[in-house]
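Hello,

I am passing a structure on to you, and I hope you enjoy looking through it. Please open it first, and then read the notes below.

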2 protein chains.
Amino acid sequence: MQKLSMLWPCLAVGAIFLIVACAGFGDEGMWLYNQPPRKQLREKYGFELSDAWLEHLQKASVRYGGGASAEFVSEDGLLLSNHHVGSGAIQKLSSAAHNYMRDGFYARTLAEEKQCPGLEVNVLMSIEDVTARIQAAVRPGLDDRQAEEARRAAMAAIEKECVEQTGLRGEVVTLYQGAQYHLYRYKRYTDVRLVFAPEEQIAFFGGDPDNFEYPRYDLDICLFRVYENGRPVRPEHFLKINPKGAAENELVFVSGHPGRTGRLLTVAELEHYRDVRLPYMLSRLKSLEVALAAWSERSPENARRARQDLFGIQNSRKVRDGEMAGLLAPSLIDEKRRQEQLLREAAARDARFAQAAGAWDRIARAQETLSRDWVRYQLLEGGNGFGSSLFSFARHLLRSGIERAKPNSERLREYSQGRLPSLELALFSQQPIYDDLEQLKMAEGLTSLATQLGCNHPLVRQVLAGKSPRERAAELVAGTRLKDAAYRRKLYEGGAAAVDAAKDPMIELARIVEPEARALRQAADVQNEILRQAHAQIESVRFGIYGPTYYPDATGTLRLAFGVVKGYLEEGRAVPHQTTLAGLYQRAAEHFHQPPFDLPARWLERKKKLNLDTPMNFVCTADIIGGNSGSPVVNRNGELVGVIFDGNIQSLVADFVYSEEQNRALAVHAAAIVEALVKIYDARPLVDELLGRRRPR
Amino acid sequence: MQKLSMLWPCLAVGAIFLIVACAGFGDEGMWLYNQPPRKQLREKYGFELSDAWLEHLQKASVRYGGGASAEFVSEDGLLLSNHHVGSGAIQKLSSAAHNYMRDGFYARTLAEEKQCPGLEVNVLMSIEDVTARIQAAVRPGLDDRQAEEARRAAMAAIEKECVEQTGLRGEVVTLYQGAQYHLYRYKRYTDVRLVFAPEEQIAFFGGDPDNFEYPRYDLDICLFRVYENGRPVRPEHFLKINPKGAAENELVFVSGHPGRTGRLLTVAELEHYRDVRLPYMLSRLKSLEVALAAWSERSPENARRARQDLFGIQNSRKVRDGEMAGLLAPSLIDEKRRQEQLLREAAARDARFAQAAGAWDRIARAQETLSRDWVRYQLLEGGNGFGSSLFSFARHLLRSGIERAKPNSERLREYSQGRLPSLELALFSQQPIYDDLEQLKMAEGLTSLATQLGCNHPLVRQVLAGKSPRERAAELVAGTRLKDAAYRRKLYEGGAAAVDAAKDPMIELARIVEPEARALRQAADVQNEILRQAHAQIESVRFGIYGPTYYPDATGTLRLAFGVVKGYLEEGRAVPHQTTLAGLYQRAAEHFHQPPFDLPARWLERKKKLNLDTPMNFVCTADIIGGNSGSPVVNRNGELVGVIFDGNIQSLVADFVYSEEQNRALAVHAAAIVEALVKIYDARPLVDELLGRRRPR
């Protein structure tokens with residue numbers, strides 16, 4: 001599944017991923033809406049991208065939560081995305097008694113729609129290039145730390161101004177790894193309600209074994225409705241579904257939020273990623289996967305509670321395994337080295353690029369420094385050494401008390417004024433917290449802390465307080481009051497004094513960790529500033545050679561990709577461009593209907609009602625990555641013909657390279673959505689709304 | 001499951017595990033048959049161990065394969081063990097068409113019994129203390145390497161003499177970690193046939209989640225028959241089954257082959273184990289578990305092929321996780337440190353122990369050296385970097401060509417004359433080898449090699465030959481001819497010349513690795529010699545203080561343990577001493593008959609025929625560890641009342657400490673065996689044979 005993994009380390013890695021690719025590479029590219037691929041589309045497909053067409057797609061596109069995609073699909077704010085994107089929300093709405101993950105959900109009336117705790121969605125309203133202002137703030141002569149502080153302060157100021165002047169949430173996005181800075185202005189919605197979800201069984205038919213595989217047969221969709229002031233929102237733009245879908249070889253577009261790529265990392269960065277970061281991430285993911293899988297097997301209720309975590313972990317593990325396999329193929333690194341050599345030679349040769357000549361070495365040194373601290377950073381600042389979401393609450397409470405007392409410009413970025421509303425939404429939302437699951441995850445975290453840093457590390461001794469990881473986790477989870485959302489709000493509103501007075505054991509744990517975590521954060525921020533400056537210099541070389549026709553690396557912000565509906569060759573075998581409902585039943589039968597290839601009861605009962613020739617999933621050449629899950633696939637008319645939900649296994653190295661021959665984006669076909677809603681789920685009113693024939697009641 | 005893990009690193013770790021515990025610790029102890037716990041049994045239970053009683057139990061006990069336990073249970077050579085011990089053999093006899101793991105197996109006549117490829121069993125006929133001869137060979141003044149060579153040569157000579165003089169296989173066992181050396185003489189049998197196996201579903205009811213848990217409900221048994229000269233063997237001693245079993249608090253004995261313990265490792269050794277070795281082992285196991293589990297889910301046939309590997313890995317993972325949890329509890333290490341301090345002070349104080357004073361530091365230094373090379377050793381010499389059994393064949397062929405050309409005394413230990421027959425049996429046996437599974441495992445191995453040593457390591461480059469791990473694994477597995485047992489025999493018989501001429505790609509790979517692997521082996525052997533000498537000195541201190549009433553650490557050789565049938569307290573809750581068939585059905589119902597809590601069809605159909613009050617599993621306080629699986633539990637009369645198959649979760653730290661309050665050995669009750677054979681499996685003839693009422697036909 002192409003959902004942006006929540007496990008992606010948010011802070012330190014973010015900054016190391018440089019992007020930029022050369023134009024004219026076929027269907028490659030995750031393009032900025034304010035730098036769209038007009039030329040490519042005109043030359044390759046004879047298609048003229050109009051401003052109106054772009055605006056329509058941009059404003060119908062929705063950023064879901066922290067890192068996935070969705071789109072408005074009715075005039076009354078119906079929002080379409082993937083089931084695996086919505087599953088976090090569905091899981092939070094579920095209980096042992098109402099298991100919507102297993103059984104699905106359908107609200108037949110507006111009144112039955114269920115509000116999702118802690119969920120926000122954002123619509124990109126406008127983009128402004130603020131590069132000059134940001135770069136001006138970083139005056140010549142500042143040392144690396146001063147430069148980092150100045151840049152952070154400038155970003156915080158711009159974001160604060162944005163909300164004050166326009167009422168829109170502002171986000172300064174670092175593009176081309178530091179060469180450009182754009183202000184994204186979002187309309188933010190925080191009342192999102194669940195309308196429809198199929199059973200996870202059919203949404204994720206084939207489970208982990210079929211994840212990232214194709215041919216596929218997943219009805220990986222769910223529907224929400226966005227509200228404002230207690231009423232369904234009427235979005236300025238929405239996409240009309242076209243159940244005919246797209247024909248083979250037809251041009252299609254994908255508009256969504258690819259999370260991160262690192263296609264033009266320097267070779268040194270790729271090697272550090274391969275040799276230091278990926279092994280750590282993989283080891284951690286596999287350890288968690290084994291723990292959660294074993295715990296899930298112990299009872300159906302355990303399995304239900306751990307479902308969402310386990311899915312996320314298995315999904316990330318498959319991505320990282322794929323990345324590792326790609327990076328261990330000498331051909332990939334060799335090609336990267338060759339490309340880099342060309343740039344380095346150009347930089348050495350051309351006086352215009354004098355500044356850039358040392359940039360690669362500066363990056364290598366900064367990476368070396370980051371790698372040295374990488375595991376400690378992940379454990380202490382990244383929170384991997386603690387594992388529990390209760391620890392995250394504790395840290396946010398501790399830090400927000402400290403940070404909110406500072407001027408906006410000096411705060412850690414996530415506590416700057418423009419960003420606090422999202423933090424507060426997450427912190428105050430009601431959501432089920434299971435002591436047993438939290439203890440399990442925290443024991444895993446503490447075990448990794450002790451084994452990675454060593455039992456005799458002074459901080460580890462302080463953290464464990466003379467107990468084993470399991471005992472300590474049990475004590476902390478049982479003892480903290482942070483499970484209570486109202487209590488969290490009370491402490492937050494009381495500020496540092498209330499947080500200190502609480503003497504909550506989880507907050508006290510966060511306090512123990514704070515000095516070292518902060519020191520790691522500060523050190524990494526400085527190195528990341530060095531990377532930004534060096535990458536900006538390298539970009540100047542690349543621009544000089546290839547011209548300005550690039551797209552920046554993915555940053556979790558809205559991008560436009562394009563391609564055609566098209567099969568591919570796998571080990572000499574032709575893989576078709578689409579699958580059908582008939583194929584779904586056939587695959588289930590081949591696997592004797594054994595999980596995860598079993599079908600929900602109503603899919604078995606209603607098979608006869610279905611038109612089995614209905615297309616179910618299809619593939620196209622559009623360039624996507626984790627975070628694109630839930631993106632609309634639209635045709636030249638801007639009609640919705642499908643919903644992205646995955647990439648094929650060949651695309652797992654898409655972090656680093658795109659191949660038009662091999663990479664495919666997987667989508668749920670519009671026809672399957674309509675067919676299933678009507679014939680399996682008795683949800684004709686929803687289809688009528690999608691087709692513009694009916695308003696919801 | 002208490003099966004000795006095949007993944008236990010055979011060579012280097014072996015030598016670091018010191019054993020010895022103090023007498024009078026209740027039911028603790030894995031006692032030597034030639035140093036039995038007469039005093040303890042007399043004083044605590046008023047039981048006199050007679051020589052005849054001991055000989056009977058010793059010679060009815062059987063070492064199964066490389067590291068598990070079994071026992072003769074009829075005058076016609078019927079051999080009882082666990083299903084999970086026999087599962088390797090059952091798996092090799094199975095195919096997609098005849099899935100005996102899933103469906104079970106029962107040979108109603110001798111003619112239907114199925115010979116198990118590559119399986120040998122051994123019966124211990126006598127023990128001789130050869131300490132004086134071994135120690136004499138290691139003359140004063142030798143340096144560490146010379147000492148190691150002299151010791152190895154002396155062992156090889158004694159083992160060779162044994163077979164020449166008695167016809168029995170000889171094995172010099174290092175006891176008390178180097179303080180004593182005993183020659184074990186075995187009668188070896190290589191014609192072992194499968195007679196009966198239940199479905200894995202009931203043998204391993206509850207699967208990985210219930211593994212090492214209690215209460216349990218597993219019919220974890222299977223029956224073989226040992227043949228000699230084409231006819232059932234008539235063993236000198238066998239155990240008669242007593243279906244009444246043992247009562248609560250009754251004294252019972254366990255006679256089996258505990259694999260390894262490290263209860264009196266020095267603190268430095270425990271810390272190295274915890275900080276270097278366990279993390280590596282756990283990371284490797286979890287990585288393999290995830291890979292095999294994901295692959296298994298892709299199809300039922302994949303699952304069948306990978307079943308045995310996956311079981312072994314999950315079992316080991318649970319053991320190692322338990323060890324890590326134990327070693328991360330400060331109380332355990334603190335107590336070890338306290339005990340060690342007493343010995344060190346005694347050594348410093350008492351002139352008799354002058355030599356021993358520096359022993360702890362010598363051990364710490366040797367461990368430091370071993371730890372430095374630990375991962376490389378596991379990857380290259382241990383074979384973890386290659387993963388495939390085809391690589392093991394290749395290495396054995398390469399090395400046997402080299403080693404057999406040397407004098408017996410100079411060979412690597414596993415190629416010495418006394419040990420070659422077992423190697424040959426394994427090398428020449430027919431067994432199914434699946435290209436896809438071998439490729440998967442080899443790609444995992446090569447990936448770990450590349451990530452641990454680094455892609456730019458010259459040896460890694462040579463091994464991967466410019467390909468990715470997956471590509472290289474596919475090429476090697478497809479290209480090698482070593483899947484053919486007859487070809488392996490031909491190369492072996494042709495010696496080094498034939499092996500060289502073969503140019504088999506897998507052998508050529510082994511050749512690339514050979515210099516570095518051998519260097520690591522040699523270096524480790526030298527360090528292990530230092531450990532042996534230092535541990536012998538520490539033992540002299542311990543003997544001086546506590547007297548000679550110890551048992552040595554487990555070494556995979558026959559030991560006698562004792563205890564009583566007895567429940568225990570778990571988090572304040574009383575856990576009963578036995579379970580019943582009724583409990584089995586209840587547990588399945590509680591889990592809605594979902595795997596791994598589902599029951600075989602005939603267990604559901606025939607429920608009404610069963611006496612549901614029949615005891616199914618029971619626990620006793622006897623001191624066991626991995627390798628004890630399949631051990632007989634006998635009463636004072638030497639009658640079989642159960643078969644050991646597991647330990648409880650509390651016993652997972654039994655490598656390091658035993659607790660009479662908490663540790664429990666789990667056994668299948670004799671009554672359940674009889675009840676199931678008669679009423680579920682229509683196998684009354686087998687029961688009649690077990691009861692001595694019928695001879696097989």
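Helices and strands themselves are DSSP runs, numbered from the N terminus. Please also keep in mind that this is a predicted model.

**The sheet in chain B**

With that in hand, take B:V252, which stands opposite B:G563 in β14(B). The strands concerned are β13 (residues 251-256) and β14 (residues 559-564) of chain B, which run antiparallel and are joined by 6 bridges. They belong to an open sheet of 8 strands, with antiparallel pairing and the order β1-β14-β13-β19-β20-β21-β18-β17 in chain B. Which strands form the edges of this sheet? They are β1 (31-32) and β17 (578-580) of chain B, each of which pairs on one side only.

β17(B) and β18(B) are antiparallel and share 2 bridges, and B:T580 has B:P615 in β18(B) as its bridge partner. β18(B) is also joined by 4 bridges to strand β21 (residues 665-669) of chain B, again running antiparallel. There, B:C620 stands opposite B:A665 in β21(B).

Is β18(B) enclosed or open to the outside? Of the 6 residues of this strand (residues 615-620), 6 are buried, so β18 of chain B is largely enclosed by the rest of the structure.

What does β3(A) pair with? On one hand, strand β2 (residues 61-64) of chain A pairs with β3(A) in the antiparallel sense over 4 bridges; A:R63 has A:S69 as its bridge partner in β3(A). These two strands form a hairpin with 3 residues between them, and A:G65 in the turn has a positive phi of about 55°.

On the other hand, β3(A) pairs with strand β4 (residues 78-81) of chain A, also in the antiparallel sense, over 2 bridges. Here A:E71 stands opposite A:L80 in β4(A). β3(A) and β4(A) form a hairpin too, with 5 residues between them, and A:G77 in its turn has a positive phi of about 75°.

**Domains of chain A**

The domain assignment divides chain A into domain 1 (14-120 + 190-263 + 553-690), domain 2 (125-187) and domain 3 (267-544). The centres of domains 2 and 3 of chain A, taken over C-alpha atoms, are separated by 23 Å. Where they meet, 20 residues of domain 2 are in contact with 17 residues of domain 3 in chain A. On the domain 2 side, α6 (144-166) and β8 (169-175) of chain A each supply at least two residues. The largest share, 13 residues, comes from α6(A). By class, that side has 8 nonpolar, 4 polar and 8 charged residues.

**How the two chains meet**

A rotation of 180° with 0.1 Å of shift along its axis superposes chain B on chain A, with an RMSD of 0.0 Å. The two copies are thus related as by a two-fold rotation axis.

The contact between them takes 32 residues from chain B and 32 residues from chain A. On the side of chain B that touches chain A, α8 (207-210), α9 (267-297), α10 (300-328), α15 (435-453) and α17 (469-479) of chain B each supply at least two residues. α9(B) gives the most, with 9 residues. That side of chain B divides into 15 nonpolar, 9 polar and 8 charged residues. Moreover, 100% of the interface residues of chain B are also interface residues in chain A, so the copies meet through the same surface.

**The nonpolar core**

The largest nonpolar core has 377 residues, and those with the most contacts inside it are A:A394, B:L79 and B:A394. Leaving aside neighbours within four places in sequence, B:A394 is in contact with B:L482, B:D504, B:M506, B:I507, B:L509 and B:A510.

Best wishes

Definitions and conventions: Residues are numbered from 1 along each chain as its sequence is written. Chains are lettered from A and ligands numbered from 1 in the order in which they are written. This is a predicted model: local features need pLDDT of at least 70, side-chain atom pairs count only at pLDDT 80 or more; totals for chains, interfaces and linings use all residues. Two residues are in contact if their C-beta atoms, placed from the backbone, lie within 7 Å. Ala, Val, Leu, Ile, Met, Phe, Trp, Tyr, Cys and Pro count as nonpolar, Asp, Glu, Lys and Arg as charged, and the others, Gly among them, as polar. A nonpolar core is a set of buried Ala, Val, Leu, Ile, Met, Phe, Trp, Tyr and Cys residues joined through C-beta atoms within 7 Å. A residue is buried if 20 or more other C-beta atoms lie within 10 Å of its own, exposed if 12 or fewer, and partly exposed in between; C-beta atoms are placed from the backbone. Two strands pair if DSSP finds at least two bridges between them. Copies are superposed by least squares on the C-alpha atoms of residues with pLDDT of at least 70 in both. Domain bounds come from an automatic or database domain assignment.
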